[in-house]
Amino acid sequence: MDDETEDVLIVGGGIAGLTAGIFTARAGLDTLIVNDGESILRRNAHLENYPGFPMGIDPRLFLDMTRVQAEEAGCSFHEGRVTQLDSEERFTAILGDGTEFDATYLIVASWSDSSYLEALDVDLDRRGNKGFVETDADGRTTTDGLYAVGRMAKEYHQAVIAAGSGASVALTLIHDSDVHFYNDWVVPEGYFTDRGVDVPPGIEEIDDDERRARAETAREALCEWLSAPHDDDPTPHPSLADD
Ligand SMILES: Cc1cc2nc3c(=O)[nH]c(=O)nc-3n(C[C@H](O)[C@H](O)[C@H](O)COP(=O)(O)OP(=O)(O)OC[C@H]3O[C@@H](n4cnc5c(N)ncnc54)[C@H](O)[C@@H]3O)c2cc1C
């Protein structure tokens, strides 16, 4: 059995889970994303309503790039399906192959599987074989330390909403943890210090050389990603998939 202990465990590595992980990892919380299967966004033909891409973007490339961003932020990943969740002092996520991971905080981002939450005191809104997790306006569930994001939290069914939910709820979790106030901004050198203000926690001041170096790294990566068509085809609806 592979035992691990994390600050934050995220079940589901779609757009909501990846975005939540980008925020918790950048706040310095050890973050593990456990994912099994594919984001439903891989079924989309061309993503045209996500801000920042005026002509749209291949959704599979978009997901792959978001995963790299989560890795760059410091997230770890494990492929596997969470089948049971226990909660005593910490959360224990049990995977189908018996692997267990312990974590202080848990984020449910596993559209559309809530079956592993059965043993916990979590309010579910069951609809057919799916169960939405009931949360307060900030993504907290009725179980302390357990949060839900994206479509699992009954958010509207768009990628930008799922991403926003992941970010917003991650910030709630960060504020609930003992990590000091956190804004996650990168600002030009002197933005605070030239006014005699201390740089607040979670904010980074960078000088012009560093700003240009980061811009160049980003430009090179984007050129490479976009230099050739992304050749994954859309995933068909399960009812149409070949056996
Ligand atoms: C055909 C189609 C076209 C779409 N087109 C658009 C569009 O044009 N624009 C738009 O904005 N949105 C579109 N959407 C909606 C968008 O894809 C979703 O709203 C968004 O992906 C929801 O994000 P999420 O992170 O909540 O779920 P997902 O992105 O589906 O991620 C959930 C992840 O959790 C994993 N998982 C589930 N259960 C477990 C478990 N027990 N253990 C571990 N992992 C688990 C899943 O395999 C998946 O990887 C489309 C959806 C479909 C089906």
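Student: How many residues lie between strand 4 and strand 5 in their hairpin?

Tutor: This is a predicted model, in which local features need pLDDT of at least 70, side-chain atom pairs count only at pLDDT 80 or more, and totals for chains, interfaces and linings use all residues. Residues are numbered from 1 along each chain as its sequence is written. Strand 4 (residues 82–87) and strand 5 (residues 91–95) pair in the antiparallel sense over five bridges; two strands pair if DSSP finds at least two bridges between them. Strands (E, at least two residues) and helices (H or I, at least four) are DSSP runs, numbered from the N terminus. The number of residues between strand 4 and strand 5 in the hairpin is three.

Student: Which residue in the turn between strand 7 and strand 8 has a positive phi?

Tutor: Strand 7 (residues 124–127) and strand 8 (residues 130–133) are antiparallel partners over four bridges. Within this pair, Asp125 has Phe132 of strand 8 as its bridge partner. Two residues separate the strands in the hairpin, and the one with a positive phi, of about 60°, is Gly128.

Student: How many residues of helix 1 are buried?

Tutor: A residue is buried if 20 or more other C-beta atoms lie within 10 Å of its own, exposed if 12 or fewer, and partly exposed in between, with C-beta atoms placed from the backbone. The buried residues of helix 1 include Ile15, Leu18, Phe23 and Arg26. Helix 1 is mostly covered, and its buried residues number twelve of twelve.

Student: Within what arc do the buried residues of helix 3 fall?

Tutor: Among the buried residues of helix 3 are Ala159, Ala163, Gly166, Val169 and Leu173. The arc is that of the directions from the helix axis to the C-beta atoms. The buried residues line one face of helix 3, because seen down its axis they fall within an arc of 165°.

Student: Which elements give two or more residues to the shell around the ligand?

Tutor: The ligand is surrounded by 34 residues, and the closest are Gly12, Gly14, Ala16, Gly37 and Gly150. A residue is near a molecule if its C-beta atom, placed from the backbone, lies within 6 Å of it. The elements asked for are helix 1 (15–26), strand 2 (31–35) and helix 3 (159–176).

Student: How far apart do the C-alpha centres of domain 1 and domain 2 lie?

Tutor: The chain is divided into domain 1 (3–176) and domain 2 (185–226), with bounds from an automatic or database domain assignment. The distance between their C-alpha centres is 28 Å.
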